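Dear colleague,

I am handing over the structure below, and my notes on what was found in it follow directly after.

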Amino acid sequence: MSPGSGSYTPHNILITGAAGFIASHVTNRLIKNYPDYKIVALDKLDYCSSLKNLLPSHSSPNFKFVKGDIASADLVNHLLVVEDIDTIMHFAAQTHVDNSFGNSFEFTTNNIYGTHVLLEACKVTQRIKRFIHVSTDEVYGETDSETDVGNAEASQLLPTNPYSATKAGAEMLVMAYHRSYSLPTITTRGNNVYGPNQFPEKLIPKFLLLAMKGLPLPIHGDGSNVRSYLYCEDVAEAFDVVLHKGVIGHVYNVGTKKERGVIDVAEDVCKLFNLDPKQVIKFVDNRPFNDKRYFLDDQKLKKLGWQESTPWEEGLKMTMEWYIKNPDWWGDVTAALLPHPRMSVVGLSHDDAYFVQCGHRRNCDDITNGGSEGNLKFLIYGKTGWIGGLLGGLCKDGGIEFEYGRGRLEDRRSIMEDIKRIRPTHIFNAAGVTGRPNVDWCESHKVETIRTNVVGTLTLADICKEQGLLLVNFATGCIFEYDNEHKEGSGVGFKEEDKPNFIGSFYSKTKAMVEELLKEYENVCTLRVRMPISSDLSNPRNFITKITRYNKVVNIPNSMTVLDELLPISIEMAKRNCRGIWNFTNPGVVSHNEILEMYRDYIDPEFKWENFNLEEQAKVIVAPRSNNELDALKLKIEFPELLSIKDSIIKYVFEPNKKT
């Protein structure tokens, strides 16, 4: 194609990051308006992208979705050849500035290295006729607050934060491949975009969701920072114009001269919800560096025929209406609504369930409250308990500052005194009544069991919510029993969203009750522990220790928790700000006999035992016991290195205790 102006007609377009905010609107527009184009949507489905964003395109015959990472050269080369790609629209990037201050190397990997892989694939395959690289207005750096002249496309690039620096670096590679290898590139630099489907770490959806919840609107610094905002459908139209009319080798600003201060945006959101700005707006610490203004010269793109058409008031109202209709589009976004969110930029998204058929949702966000051990301080309840004691030891060994709570969980005032005194970043609840020596005790001490397991836990959760603290609550998986849909030996385990079906013991009743109520608290991470095991074979609470001391045991496969492996993971989950319910067990099941066989082989060759059935067991216990398999896939996805229950028992328990 001639480097001059004129129309361009693509045939097979690869859109990277297609399930993200802006790219999904572009994809849906092209699918709708150009049925003769084949669109291949490539996305690794990070935390801020979703297949739901592409729902309007799913049923179209000219649409194909591929889950994958642009950093995979083999995948990119394969797609360019097999799909006969002639056009690339490259949106995939890490974009949130707050994240870049804490995860800057990931921004380099995604934004620079990923772009480099794409460019090299284009060079090698030699089939691309148009490569549109999507950049940002932030590469220009801060615009003088007094000037009326916006940054033109030829302006110097002076990025001021890790995010914009990586985008500028990617641009340099694009420019180099255009000049060195005649790659037909076009670059765009855009203002802020808003509208439906946007992940709520960004300002406008964050303000809208907070206003919907009746929560304060946090503003960095004094709110004087100025930004320009374009509605997403206008931006999608801009990329339509650039695709068809843009000139090879050129840069196009996608912008508007209409600016708004952050404080003005907050006040406009307040108007929509009839809120008093003086009561709702809250000023918080600023970013490490926060550019005052980005201002673009938007004339070049307008000369191609594009013009923004959505007034701010109309666009904001449409966006508000969409979030009101779709409040749960992104699942639990509590961490994203924090004043300074630090979301995970690696790992799996809400949509990985689509590919692994697990039906789970990712509920973790990397690094909050400073993230590093030096900024962490844990308040732990359950000092005299087994798990609470082990947690304290792990914190001590890991250099994490911690203190045990002095207050009783059901005493609100004493909990508040602990928080005021310690000023924790996270709270762990390992306190609770499990029975002395077992759950049969709870049958005759029901009031005491309710007081601690229900009243105390809910009081702690409520205070933590009030104080903006994450509560990691150690719960139990002994609230299920095998049934027709989850048969013993079937490999079908109970998932986090399943309703408890075991009411055989009063202990389990209280635990099931409090778990259901805790679902209303978005600040709680509930960890379902089952039949806990540790390397300390002298501890009477250790499940292995228990069954080696019984005269007879039942032989039923169960999910279990190896504390040596999983308790350190609970600390990592606190760092990642994990929320919701988690089956906190090793994957798979192990039976009583299998454990005792390992005990015999590793510890005591002379060890013998006898089995009895559930009917016989019932004669020597007061309350029935829970037997089940929990589906640990959600935890395994979050922590891929997690060992199966049998492998974990061997590694952490029997190998270290092996008698030679």
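**Notes on the model**

The protein chain contains 23 helices and 20 strands, where helices (H or I, at least four residues) and strands (E, at least two) are DSSP runs numbered from the N terminus. This is a predicted model, in which local features need pLDDT of at least 70 and side-chain atom pairs count only at pLDDT 80 or more, while totals for chains, interfaces and linings use all residues. Residues are numbered from 1 along each chain as its sequence is written, and side-chain values use heavy atoms, with hydrogens and water left out.

Of the 660 residues of the protein chain, 57% are buried (under 20% relative accessible area, with a 1.4 Å probe and protein chains only).

Helix α16 covers residues 446–467, and because its 22 residues should span 32 Å at 1.5 Å a residue, the 30 Å between its end C-alpha atoms agrees with expectation (the expected span being 1.5 Å times one less than the number of residues). At Gly456 the helix α16 bends by about 30°, the bend being the angle between axes fitted to the seven residues ending there and the seven starting there. Gly456 is also among the buried residues of α16, which include Thr457, Leu458 and Ile463. Just after α16, Gly468 has a positive phi of about 70°.

Elsewhere, residues of α20, including Ile595, Met598 and Tyr602, meet residues of α23, among them Ile649, Ile650 and Phe654, contact meaning heavy atoms within 4.5 Å.

Definitions and conventions: Buried means under 20% relative accessible area, exposed over 50%, partly exposed in between (1.4 Å probe, protein chains only).
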